[in-house]
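Please consult the sequence and the model while reading.

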Amino acid sequence: MRFRSVRAALVWALVAAATPAAATPVPARPRSDCPRLSGSWYGDNRARLQRLIDTRGTCSGSGNTPVAAFDWDNTVTKNDVTDATLVWILRHERILRPASWRDTSEWLTDAADRALTTACGTATPVGAPLPTSAAPRCADEILEIRESGRTMSGAAAFAGDWNRRRTVPQYAWVPQLLAGHTVAELTSYARRARTEALAAPVGSTRAVGTHTLPAYVRYYTRQRDLIRTLQRAGFEVYIVSAGSEPVTEVWSRGVGVDARHTIAIRSVLDRHGRTTPWNQGCGGVPATRGEAIPYIDGKRCWINQEIYGVHGAAAWQRQDPRHRVALAAGDADTDVTFVGDATGAHLVLNRNKSELMCRAYDDADGRWLINPMFIEPLPRRPEPYPCSTSAYNATDGGGEPVRRGDGSVVPDQKDTVH
């Protein structure tokens with residue numbers, strides 16, 4: 001096994017020695033019929049993933065059912081499937097005009113309300129589809145708010161108090177924009193968007209208003225193989241995403257993960273079965289307009305609640321090893337908490353996201369695996385990640401030092417895996 005530092009090697013050895021045999025059984029020799037990974041991975045990542053499969057899955061003979069959890073967008077696929085669906089919806093005029101744009105988010109500003117009202121007009125009856133294809137200014141405002149949290153004029157689209165490690169308004173805003181549709185309708189839109197995105201050439205783009213966005217999405221073949229190998233080895237595999245749940249479910253079926261194992265933003269339905277701007281809650285937070293979505297610490301909460309049955313305030317806390325996933329995979333700061341909770345391996349796709357990459361390169365427990373993106377990998381980040389000063393995403397939106405479990409500060413880290 002190759003380690004990125006002597007310290008990581010020593011930590012790995014100490015952790016392995018201290019881990020109870022029942023939690024990580026290691027067979028003397030893996031059986032010849034153990035499910036095997038295929039394809040090429042960076043460095044020794046494939047060998048280390050295979051070792052986890054052999055020692056935690058059915059080949060270990062432990063009788064346990066280990067769990068693996070994957071973020072979705074840019075972890076299992078290249079590009080964002082919720083964005084791909086939103087673009088399809090805008091092009092095909094499926095957003096229903098709200099009575100007031102302020103109804104779509106509790107944090108939407110007056111400036112955003114005015115910008116959307118001006119761009120989308122008031123001629124369309126409330127509840128009818130907005131002409132987002134014929135009126136590109138409307139599509140532009142929606143996309144800009146979704147992408148940057150600002151209007152086309154640069155004004156803040158969201159303001160107020162929210163926990164920046166539990167939600168981000170523009171992520172919650174996409175399911176809220178789709179209020180008034182049934183789950184079956186949203187599923188239909190996602191399927192059509194999926195067909196288009198999979199058919200579009202790699203690297204292709206699409207213009208919507210003045211925005212240029214990726215036109216294609218691809219499943220990563222290595223991740224699909226990893227998920228299916230884990231399943232054959234007796235792992236329960238879950239998807240945990242900050243996207244819209246009906247959309248994510250359409251895509252997760254393509255890697256053999258069903259709706260029961262797909263966790264994303266869950267909209268509250270009205271008595272007619274139509275989605276509302278309200279989202280289901282987690283960890284003692286009731287249904288709100290987006291205060292507790294699967295985002296940073298929210299992903300831990302949803303995993304604890306939906307997979308391990310931990311409810312109330314305890315769902316926000318790291319659980320004992322028996323109630324944590326064996327393998328977790330992610331690509332962004334939105335994933336850093338649940339990926340760090342994994343007891344066997346923390347798999348990271350390098351998209352130059354500071355807090356996540358600080359954790360990954362620091363490799364405090366010797367179990368972090370870094371892989372470049374499988375399609376169009378990013379070049380090396382020229383400057384070190386600011387781990388010692390501002391990489392940690394604080395609850396108030398500020399930046400703070402990234403700290404290890406013992407409170408020590410992670411030093412700035414160079415980008416070396418690309």
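## Overall architecture

Among contacts in the protein chain between residues at least 6 apart in sequence, what percentage join residues at least 24 apart? The share is 64%, where contact means heavy atoms within 4.5 Å. The model is predicted: local features need pLDDT of at least 70 and side-chain atom pairs count only at pLDDT 80 or more, while totals for chains, interfaces and linings use all residues. Residues are numbered from 1 along each chain as its sequence is written, and side-chain values use heavy atoms, with hydrogens and water left out.

The protein chain contains twelve helices and 14 strands; these are DSSP runs numbered from the N terminus, with helices being H or I of at least four residues and strands E of at least two. Its radius of gyration is 22 Å, which agrees with the value near 22 Å for a compact globule of 418 residues. That radius is taken over C-alpha atoms, and the globule rule is 2.2 Å times the number of residues to the power 0.38. Along the principal axes, the C-alpha atoms fill a box of roughly 70 × 45 × 45 Å. Of the 418 residues, 55% are buried; buried means under 20% relative accessible area, exposed over 50% and partly exposed in between, with a 1.4 Å probe and protein chains only.

## Helix α9 and its partner α7

Helix α7 (residues 183-199) packs with helix α9 (residues 245-252) at an angle of about 50 degrees, the axes being 8 Å apart. Axes are lines fitted to C-alpha atoms, for helices over the stretch in contact, and angles run from 0 to 180 degrees between N-to-C directions. The angle makes α7 oblique to α9, since angles under 35 degrees count as roughly parallel, over 145 as roughly antiparallel, 65 to 115 as roughly perpendicular and the rest as oblique. From α7, the contact draws on Val183, Leu186, Thr187, Ala190, Arg191, Arg194, Ala197 and Leu198; α9 contributes Pro246, Val247, Val250 and Trp251. These comprise nine nonpolar, one polar and two charged residues. In this classification Ala, Val, Leu, Ile, Met, Phe, Trp, Tyr, Cys and Pro are nonpolar, Asp, Glu, Lys and Arg are charged, and the others, Gly among them, are polar.

Eight of the eight residues of α9 are buried, so this helix is largely enclosed by the rest of the structure. Besides α7, the elements against which its buried residues pack include α3 (81-91), β6 (236-244) and β7 (262-265).

## Helices α5 and α6

The axes of helix α5 (residues 136-148) and helix α6 (residues 169-177) come within 8 Å and cross at roughly 145 degrees. Ile142, Ile145, Arg146, Glu147 and Ser148 of α5 meet Gln170, Tyr171, Trp173, Val174 and Leu177 of α6. This contact divides into six nonpolar, two polar and two charged residues.

## Two loop residues

Thr343 lies in the loop between α11 (336-341) and β11 (345-350). Thr343 is buried, with a relative accessible area of 15%. Not counting residues up to four places away in sequence, Thr343 touches Arg56, Pro321, Arg324, Val325, Ala326 and Arg367.

Gly203 belongs to the loop between α7 and β3 (205-208) and, at 40% relative accessibility, counts as partly exposed. Tyr216 and Glu376 are touched by Gly203, again not counting residues up to four places away in sequence. The C-alpha atoms of Gly203 and Pro379 are separated by 16 Å, and the two residues are 176 apart along the chain.
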